[in-house]
Amino acid sequence: MRFSRTATRLLALPVVCALGLIAASPAQAAVQRTDRFSITERHFDFGDDVLGNISGDPKADGRLEWDLVNGTWAPRLLGRIYINNASGECVRVQMVVTYQNGVVVPYTDNASDFCAPNGRTWYSDVDFTPVSSAYIANVVVTLQSAPAGGWSFSTEGASAPYFAPWWLP
């Protein structure tokens with residue numbers, strides 16, 4: 001039995017398509033925008049790199065990356081939180097998300113919570129993506145502290161609101 005070239009091509013097309021589906025990888029995040037900022041307060045900071053010797057502020061900004069995954073926004077916070085000259089104090093970051101319907105939800109990064117055992121400089125790296133939603137309007141990052149063992153956190157400082165990329169022209 002002999003197949004024509006056209007028949008051979010038509011038979012090969014489903015096989016090539018099936019192989020393409022098998023080899024397809026899951027959707028990956030695509031960073032649409034990065035907002036860079038620091039929060040500097042007495043004894044507590046958010047940024048990146050190391051603290052400056054004279055200023056005591058982070059030498060680089062932390063960042064809020066706006067990842068787009070399958071049509072949903074996944075804000076990702078990257079950087080470091082610092083405690084400087086505050087023995088027995090604890091620190092953490094919180095991402096406060098406002099949705100398009102006006103609902104405000106705080107998400108806390110417990111993974112980066114830490115307390116300073118003495119008055120030296122301490123830091124913890126932050127890589128925090130608490131939510132993925134098509135309905136995020138904006139995000140505010142807060143830096144919070146508490147006395148060791150108290151775990152009643154209060155806000156030391158906050159970023160400006162950063163709006164999801166779909167929101168801006």
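Asp-35, at 11%, is buried. The side chains of Arg-33 and Asp-35 meet in a salt bridge, with 3.0 Å from N to O (a side-chain nitrogen of Lys or Arg within 4 Å of a carboxyl oxygen of Asp or Glu). Side chains of opposite charge can pair when their charged atoms come close.

The model is predicted: local features need pLDDT of at least 70, side-chain atom pairs count only at pLDDT 80 or more, and totals for chains, interfaces and linings use all residues. Residues are numbered from 1 along each chain as its sequence is written, and side-chain values use heavy atoms, with hydrogens and water left out.

## The chain as a whole

The protein chain has 1 helix and 13 strands (DSSP runs numbered from the N terminus: helices are H or I with at least four residues, strands are E with at least two). Read along the sequence, the pattern is α-β-β-β-β-β-β-β-β-β-β-β-β-β.

Of the 169 residues in the chain, 37% are buried. The accessible surface of the chain comes to about 9700 Å², and 54% of this surface belongs to carbon and sulfur atoms (areas come from the Shrake-Rupley method with a 1.4 Å probe; for residues, only the protein chains shown count as cover). Among contacts with a separation of 6 or more, 64% are between residues 24 or more positions apart (contact means heavy atoms within 4.5 Å).

## Salt bridges between strands

How many salt bridges does a search of the whole structure find? The search finds 6. One of them joins the side chains of Arg-63 and Asp-48, at 3.9 Å from N to O. Arg-63 lies in strand β5 (residues 62-69) and Asp-48 in strand β3 (residues 44-51), so this pair ties together parts that are 15 residues apart in sequence. Both ends are partly exposed: Arg-63 has 23% relative accessibility, and Asp-48 has 21%.

Another salt bridge links the side chains of Asp-125 and Arg-80, at 2.7 Å from N to O. Because Asp-125 lies in strand β10 (residues 121-128) and Arg-80 in strand β6 (residues 72-84), the pair ties together parts that are 45 residues apart in sequence. Arg-80 is buried, with a relative accessible area of 17%. Elsewhere, salt bridges with shared partners join Asp-48, Arg-63, Glu-65, Arg-76 and Asp-127 into one network.

Strand β7 (residues 89-99) pairs with strand β8 (residues 104-108) in the antiparallel sense over 5 bridges (two strands pair if DSSP finds at least two bridges between them). Val-96 has Pro-106 in β8 as its bridge partner. The two strands, β7 and β8, form a hairpin with 4 residues between them, and Gly-102 in the turn has a positive phi of about 90°.

## Gln-94 in strand β7

Is Gln-94 buried or exposed? Gln-94, a residue of strand β7, counts as buried at 11% relative accessibility. The side chain of Gln-94 makes a polar contact with the side chain of Thr-108, at 3.2 Å (a pair of N or O atoms within 3.5 Å; within protein, one must be able to donate a hydrogen and the other to accept it, and residues adjacent in sequence count only if both atoms are side-chain atoms). A polar contact to the side chain of Gln-144 is also 3.2 Å. Leaving aside neighbours within four places in sequence, Gln-94 is in contact with residues including Pro-106, Tyr-107, Val-140, Val-141 and Thr-142.

How values were computed
Buried < 20%, exposed > 50% of the residue type's maximum accessible area, 1.4 Å probe, protein only.
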